[in-house]
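Me: I'd like to learn how to read helix packing and ligand contacts in a model. Can we go through one together?

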Amino acid sequence: MYDIIIVGAGPAGLTSAIYACRAKKNVLVLEANTYGGQIVNTSDIENYPVEEHISGFDFATKLYNQTKNLGAEIKFEKVVEIKDGSFKEVITTKDSYKCKAIILATGAENRRLNIVEEADYIGRGISYCATCDGNFYKGKDVAVIGSGKTALEDAIYLSGICNTVYLIHKESELDGDENVLSLIKEKNNINIIHNSSVTKLIADDVLIGIEIKSKDGLKIIDVDGVFVAIGRVPENENFRKIINLNEKGYIISAENCHTNISGIFAAGDNRVKSLRQLVTATNDGAIAAVEAIKYINKEWRDKNV
Ligand SMILES: Cc1cc2nc3c(=O)[nH]c(=O)nc-3n(C[C@H](O)[C@H](O)[C@H](O)COP(=O)(O)OP(=O)(O)OC[C@H]3O[C@@H](n4cnc5c(N)ncnc54)[C@H](O)[C@@H]3O)c2cc1C
């Protein structure tokens, strides 16, 4: 039996593994895809303390090697179910494993536009994170796609960095917080385009424009960057049977990363929180591991030893 099973080898999960291994716990990390999580998709990280510039792949590889060197076992298997009981059980597509505590660090996926070549231009014009990548488009023209809170906030944030920000959305009017809407109207470099959707990316090695469709037909807009802000999908559906999720599917957990089930913790982008970044994911990873260690040493021991 493992002490702790961590689901997800992204920044949150691997940080949990570092803390748990250093506390001499016996750790298994289960990952559905490749190690590193979302961050492997970015070519340059500039906002993680100490590292002024590092590629997402190098960041993930350093973190993965650090975790392996500390003795964590990492298996590439997708978790399909978790069960609570005197011990906990984690079921994957290949096997099932028993443990004392579970940390769910499954992250969230950005909803895609679903247009041809979108994946090919991630990091070369397509971004899903204005806070992460906005600075790479200083003085340039960009588009924000979406009409939700994130899209509006991204447009305001980018208007302070970029030359022109096209805010493109499908509705006939923007809907949202009055303060945010009036801030958008005050910005004379935000150009709102209603009733429109992106139909094609125009690229010449890097992105140089987009084709958009409205009831008036097709139109080309020259932009260097497109920030897609049409929502995120947390990867928690496999746990819904026993873990409390909010209406958007995020795990409801307090700052101490506890879920509604004792001995099961949540860390990173998959839980309800206000900022989803590397620093907040690694922060959660550390907290969840320390809480899992406390749980094993006290609550689990009192019940089982
Ligand atoms: C293109 C891009 C650029 C970014 N740039 C920056 C940046 O510059 N700075 C910054 O601070 N943040 C950046 N971010 C955000 C940052 O990557 C995330 O906040 C961070 O990766 C969240 O870490 P996480 O471990 O919570 O989740 P994730 O990184 O999403 O990792 C979760 C892992 O869990 C795995 N998983 C999911 N479900 C299962 C399952 N059922 N079984 C097993 N494994 C599972 C996934 O495959 C994944 O590997 C960027 C994000 C993107 C997409």
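Reply: A crossing is right-handed if the near helix is turned clockwise from the far one by less than a right angle, and left-handed if anticlockwise. Keep in mind that this is a predicted model, where local features need pLDDT of at least 70 and side-chain atom pairs count only at pLDDT 80 or more, while totals for chains, interfaces and linings use all residues. Residues are numbered from 1 along each chain as its sequence is written, and side-chain values use heavy atoms, with hydrogens and water left out.

Me: Which residues make the contact of H1 with H6?

Reply: Contact means heavy atoms within 4.5 Å. On the H1 side you'll find Pro11, Ala12, Thr15, Ser16, Tyr19 and Ala20, and H6 brings residues including Leu278, Gly285 and Ile293. By class, that contact has 11 nonpolar, four polar and no charged residues. Here Ala, Val, Leu, Ile, Met, Phe, Trp, Tyr, Cys and Pro count as nonpolar, Asp, Glu, Lys and Arg as charged, and the others, Gly among them, as polar.

Me: At what angle do the axes of H1 and H6 cross?

Reply: Axes are lines fitted to C-alpha atoms, for helices over the stretch in contact, and angles run from 0 to 180 degrees between N-to-C directions. Helix H1 (residues 11-22) and helix H6 (residues 278-304) cross at roughly 40 degrees, and their axes come within 7 Å. Angles under 35 degrees count as roughly parallel, over 145 as roughly antiparallel, 65 to 115 as roughly perpendicular and the rest as oblique. H1 and H6 are therefore oblique to each other.

Me: And how do H1 and H2 pack?

Reply: Helix H2 (residues 56-69) packs on H1 at about 25 degrees, with the axes 9 Å apart, so the two are roughly parallel. Their crossing is left-handed. Among the residues in contact are Leu14 and Ile18 of H1 and Phe59 and Leu63 of H2.

Me: Which residues come nearest to the ligand?

Reply: A residue is near a molecule if one of its heavy atoms lies within 4 Å of it. There are 34 residues around the ligand, and Glu31, Gln38, Asn47, Asp269 and Leu278 come nearest.

Note on methods: Helices (H or I, at least four residues) and strands (E, at least two) are DSSP runs, numbered from the N terminus.
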